[in-house]
Amino acid sequence: CKEHKSSEYRIYENSMNAKAPEMFMLENSFHGALEKGEFALYYQPKVNIFTQEIVGLEALIRWQHPTMGLVPPSIFIPLAEETGFISEIGSWVLKTACDQIITWHHQGLQPLSVAVNLSAHQFYQPTLLAELDHILSTTQIDPQYLELEITETTAVENIELTTQLLQQVQTLGIHIAMDDFGTGYSSLNYLKQLPLNTLKIDRSFIQDLKPNTKDLEIIRAVVALAMGLDLEIVAEGVDNAEQIQVLKELNCKIVQGYYFSQPLPTAEMTRMLQDNWQQ
Ligand code: C2E
Ligand code: CA
Ligand code: CA
Ligand code: CA
């Protein structure tokens, strides 16, 4: 999403390889950032394009750095993975998302599933299952409203272990989505093996989606595949009406993207959910 990044973001990106002072500064300021409340979860709706209804949300983390401004997750998540700080951030994200599910429930809103992104480090951590189990029992949320998103790249790191882990996660009642589908080592073999609930088609296939394109044929095939395997399908990064038109023709019902909404802070998402429900 380069076109949406302001110039301040580019400083970090250009310096990724060289590890510029900005990166060291970010690294150092992880410590205490959670306690100081510098992180926030934003929520982006997944919408049924035929009914306009919100059918779920994805939680996306934001870091409001005291001196560097808003740092995008594409910058600080890889850094947090590298330094191990991702465990703390990941736990905070899970806890915050589950607490929010409860809060919305108490506010009388219709229950919606909230998807949380898991990085590879988090996913393969031996404590993951215990942590999920603990969160479910302390928050008492209905596990079907929690969804975990892992990428293909994460999944294929160790396909046997991934299969085992995902089976255990599903035993807890939690749903699983394959994120950025089509960009990693997509393989029919893992689709056969892994217990998944959802495929999220990566934005790169949606970006230039028009009639008579290869992208269209790829999505048509993925939709058929998902239907045959009883998987839900979500098109990500949908930002214009032409894409919606094509996706309707392909019967790809659920979309996420700027066309409907950017990721929103909790208060704004709450208002959107209230409006959506009252309609
Ligand atoms: P992702 O999981 O693929 O998330 C989708 C990204 O696409 C989000 O960027 C979202 O804001 C952006 N997006 C949504 N709709 C559109 C659209 O119509 N057009 C464009 N150009 N972009 C759109 P964001 O929030 O900057 O997150 C980037 C990545 O950072 C995420 O990619 C995910 O891999 C990672 N991330 C975000 N939050 C977390 C988190 O809590 N934990 C972990 N481990 N990773 C996270
Ligand atoms: Ca995601
Ligand atoms: Ca994605
Ligand atoms: Ca993506």
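In this predicted model, a polar side-chain atom of Asp179 lies 3.0 Å from an oxygen atom of ligand 1, a polar contact being a pair of N or O atoms within 3.5 Å; within protein, one atom must be able to donate a hydrogen and the other to accept it, and residues adjacent in sequence count only if both atoms are side-chain atoms. Two further contacts to ligand 1 are listed with this one in the table.

| Residue | Protein atom | Distance to an oxygen atom of ligand 1 |
|---|---|---|
| Asp179 | polar side-chain atom | 3.0 Å |
| Asn117 | polar side-chain atom | 3.1 Å |
| Tyr258 | polar backbone atom | 2.8 Å |

Taken alone, ligand 1 exposes 810 Å², of which the protein buries 86%; accessible areas come from the Shrake-Rupley method with a 1.4 Å probe, and for residues only the protein chains shown count as cover. The model is predicted, so that local features need pLDDT of at least 70 and side-chain atom pairs count only at pLDDT 80 or more, while totals for chains, interfaces and linings use all residues. Residues are numbered from 1 along each chain as its sequence is written, chains are lettered from A and ligands numbered from 1 in the order in which they are written, and side-chain values use heavy atoms, with hydrogens and water left out.

Around ligand 1 there are 23 residues, and the closest are Gln44, Arg62, Asn117, Asp179 and Tyr258; a residue is near a molecule or strand if one of its heavy atoms lies within 4 Å of it. The shell divides into nine nonpolar, seven polar and seven charged residues, where Ala, Val, Leu, Ile, Met, Phe, Trp, Tyr, Cys and Pro count as nonpolar, Asp, Glu, Lys and Arg as charged, and the others, Gly among them, as polar. At least two residues of this shell come from each of β2 (54–65), α3 (73–83) and β6, and β2 gives the most, with four residues. Helices (H or I, at least four residues) and strands (E, at least two) are DSSP runs, numbered from the N terminus.

Asp179 also belongs to a metal site. The calcium ion (ligand 2) is 3.7 Å from the calcium ion (ligand 3), and Asp179 coordinates both. Glu149 in strand β5 (residues 146–151) and Asp179 in strand β6 (residues 175–181) are 30 residues apart, and the pair links distant parts of the chain. Both Glu149 and Asp179 are buried, where buried means under 20% relative accessible area, exposed over 50%, and partly exposed in between (1.4 Å probe, protein chains only).

Strand β5 is mostly covered, with five of its six residues buried. β5 pairs in the parallel sense with strand β4 (residues 113–117) over four bridges, and with β6, again in the parallel sense, over five bridges; two strands pair if DSSP finds at least two bridges between them. Glu147 in β5 stands opposite Ala115, and in β6 the bridge partner of Glu147 is His175.

Conventions:
Donors = N, O, S within 2.8 Å, 3.2 Å for Na, K, Ca; no water.
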